[in-house]
Amino acid sequence: MYGYPRLTLTLKQPTNLKAGPKLVYQLMQELDIKSHMIKKTNKPQTHTDYEQRPNLIKQLADQTSFLLTDITLTFRKKVLRYLLLKIRSSGRL
């Protein structure tokens with residue numbers, strides 16, 4: 001169901017009815033018609049304003065001598081905590 005602004009435009013376009021938004025709003029209240037709209041959410045986008053640094057580990061012939069780690073910071077109950085994730089050198093780079 002549309003809200004009163006969109007419903008007003010929908011009534012005006014095909015039929016040329018001269019119904020203002022206030023009238024449509026009042027009629028919707030009298031008839032107990034409520035709009036049901038779902039807000040669209042945008043996916044977060046990853047973008048940088050500078051050129052990415054090259055991955056020097058991928059360029060090496062022997063990658064088994066490196067241990068890769070990932071540190072993630074999280075907030076739990078107003079306390080900053082970190083999660084250290086170890087990734088084996090034979091894993092995916």
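Confidence first: this is a predicted model, and its chain averages a pLDDT (the predictor's confidence in each residue, from 0 to 100) of 77, with 80% of the residues scoring at least 70.

**Ground rules**
- Numbering starts from 1 along each chain as its sequence is written, and side-chain values use heavy atoms, leaving out hydrogens and water.
- Local features need pLDDT of at least 70 and side-chain atom pairs count only at pLDDT 80 or more, while totals for chains, interfaces and linings use all residues.
- Helices (H or I, at least four residues) and strands (E, at least two) are DSSP runs, numbered from the N terminus.

**Helix α1 and what follows**
- α1 (residues 4–15) has 12 residues and spans 17 Å from first C-alpha to last, close to the expected 16 Å (1.5 Å times one less than its number of residues).
- Most residues other than glycine have a negative phi.

**The loop between α2 and β1**
- D32 sits in the loop between α2 (21–30) and β1 (68–76), and its phi is also positive, near 55°.
- D32 counts as exposed because its relative accessibility is 57% (exposed is over 50%, buried under 20%, partly exposed in between; 1.4 Å probe, protein chains only).
- L31 lies in the loop between α2 and β1 too, and L31 is exposed, at 59% relative accessible area.
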